[in-house]
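Have the viewer open and follow along.

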Amino acid sequence: MAGEILIIDDDTRLTAMLEDYLRKQGFATRASANGKDGLAEIARTPPAVVILDLMLPDRDGFEVCRRVRATSDLPILMLTAKGEETDRIVGLELGADDYLSKPFSPRELLARIRAILRRSQGTMSNVRDADILSFGDLEIDRGARQVRVGGEERQITGYQYDLLVALAENAGRVLSRDQLMDMVKGEELEAFDRSIDVHVSRIRAAIETDPKHPRRIITVRGAGYLFARNQTAAGSP
């Protein structure tokens with residue numbers, strides 16, 4: 001089996017179709033029709049990936065995502081019939097690893113699941129195991145896939161971890177949003193999609209002394225982001 005997928009969605013017809021398709025691709029599947037049962041399933045046996053619908057009968061997917069993120073970095077792919085950018089950004093800010101609007105093709109969903117699994121399992125080609133990147137009091141442990149500031153572990157999602165590694169491995173070099181998305185996701189970034197900015201914001205909240213005035217990850221207007229090569233213990237370059 002390629003891993004177990006938990007689908008939290010009250011659309012029973014869609015859920016049955018997805019379970020049948022994913023099983024044919026080698027995945028084990030479970031399903032819950034509401035947020036309460038979905039959270040119980042996660043607590044009982046955490047799956048490899050959660051496919052989470054935004055609109056649930058007892059609570060919205062945002063709340064479920066928030067509760068999962070309070071205790072776990074379990075990969076979450078959020079589904080919704082809503083296509084507004086605001087919903088996508090809110091989901092990403094709460095910690096979702098990816099976002100897919102309905103209707104979607106099963107092949108696209110499969111591609112996104114596989115990308116999430118590659119990131120969460122640390123099999124990306126640009127991540128070298130068993131060594132640590134150090135920048136002042138910031139440590140990025142590529143073997144353990146951990147981020148520490150002053151020896152204290154900081155919680156970020158798997159996607160955000162890989163984004164941080166991509167930036168840190170290219171310290172001192174300006175990387176565009178397109179380059180970052182290509183490094184981390186392996187897909188071209190759509191011109192209107194600013195989700196990379198949301199992830200950078202979440203990383204800054206975890207590693208910067210003052211996220212509103214970042215000194216580690218610098219925005220270069222009109223060009224992209226630069227990870228500061230030299231940083232003091234306080235997080236200043």
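Predicted model: local features only at pLDDT ≥ 70, side-chain atom pairs only at ≥ 80, totals over all residues.

## The parallel sheet

Zoom out, and five strands make up an open sheet, ordered E2-E1-E3-E4-E5, with parallel pairing. Strand E2 (28–32) and strand E5 (98–101) sit at the edges with a single partner strand each, so one side of each has no neighbour in the sheet. From one strand to the next, the twist averages 20 degrees.

## Helices on the sheet

Helix H1 (residues 12–24) lies across four of these strands: strand E1 (4–8), E2, strand E3 (49–53) and E4. Relative to E2, helix H1 runs at about 165 degrees. Helix H3 (residues 61–69) packs on the sheet as well, where it touches E1, E3 and E4. The direction of H3 makes about 175 degrees with that of E4.

Now for some antiparallel pairing. Strand E11 (residues 217–220) and E12 run antiparallel, with four bridges joining them. Within that pairing, Val220 stands opposite Gly224 in E12. The hairpin of E11 and E12 has three residues between the strands, and Gly222 there takes a positive phi near 80 degrees.

E10 also pairs with strand E12 (residues 224–227): two bridges join them, and again the strands run antiparallel. Here Leu175 stands opposite Tyr225 in E12. Move on to Ser176 and you're in the loop between strand E10 (174–175) and helix H7 (177–185).

Is Ser176 buried or exposed? Its relative accessible area is 19%, so Ser176 counts as buried, given that the cut-off for buried is under 20%. Setting aside neighbours within four places in sequence, Ser176 is in contact with Ala223 and Gly224. Gly224 is also the residue that stands opposite Val220.

## Two helices crossing

At what angle do helix H6 (residues 158–168) and helix H8 (residues 195–207) pack? The angle is about 85 degrees, and the axes are 10 Å apart. That makes the two helices, H6 and H8, roughly perpendicular, because angles from 65 to 115 degrees fall in that class.

On the H6 side, the residues that meet H8 are Tyr159, Gln160, Leu163 and Leu164. On the H8 side they are Ile196, His199, Val200, Arg202, Ile203 and Ile207. Sorted by class, the contact of H6 with H8 has seven nonpolar, two polar and one charged residues.

## Salt bridges

The structure holds 18 salt bridges, and a few are worth a visit. Take Asp20 and Lys24, whose side chains meet at 3.4 Å, N to O. Both residues lie in helix H1, four residues apart, or about one turn of the helix. Asp20 is partly exposed at 41% relative accessibility, whereas Lys24 is exposed with a relative accessible area of 64%.

Next, the side chains of Asp97 and Arg69 form a salt bridge at 2.9 Å, N to O. Asp97 is in the loop between helix H4 (85–93) and E5, while Arg69 is in helix H3, so this pair ties together parts that are 28 residues apart in sequence. Asp97 is buried, with a relative accessible area of 4%. Arg69 counts as buried too, at 18% relative accessibility.

Then there's Asp162 with Arg145, a salt bridge at 3.1 Å, N to O. Asp162 lies in helix H6 and Arg145 in the loop between strand E7 (138–141) and strand E8 (146–149), so the pair ties together parts that are 17 residues apart in sequence. Asp162 and Arg145 are both buried.

Which residues are linked in a network of salt bridges? They are Glu4, Arg30, Glu41 and Arg44.

Key. Residues numbered from 1 in each chain as written. Heavy atoms only, no water. Buried < 20%, exposed > 50% of the residue type's maximum accessible area, 1.4 Å probe, protein only. Contact = heavy atoms within 4.5 Å. Pairing = 2+ DSSP bridges. Axes fitted to C-alpha atoms, helices over the stretch in contact; angles between N-to-C directions. Parallel < 35°, antiparallel > 145°, perpendicular 65-115°, else oblique. Nonpolar A, V, L, I, M, F, W, Y, C, P; charged D, E, K, R; others polar. Salt bridge = Lys/Arg side-chain N within 4 Å of Asp/Glu carboxyl O.
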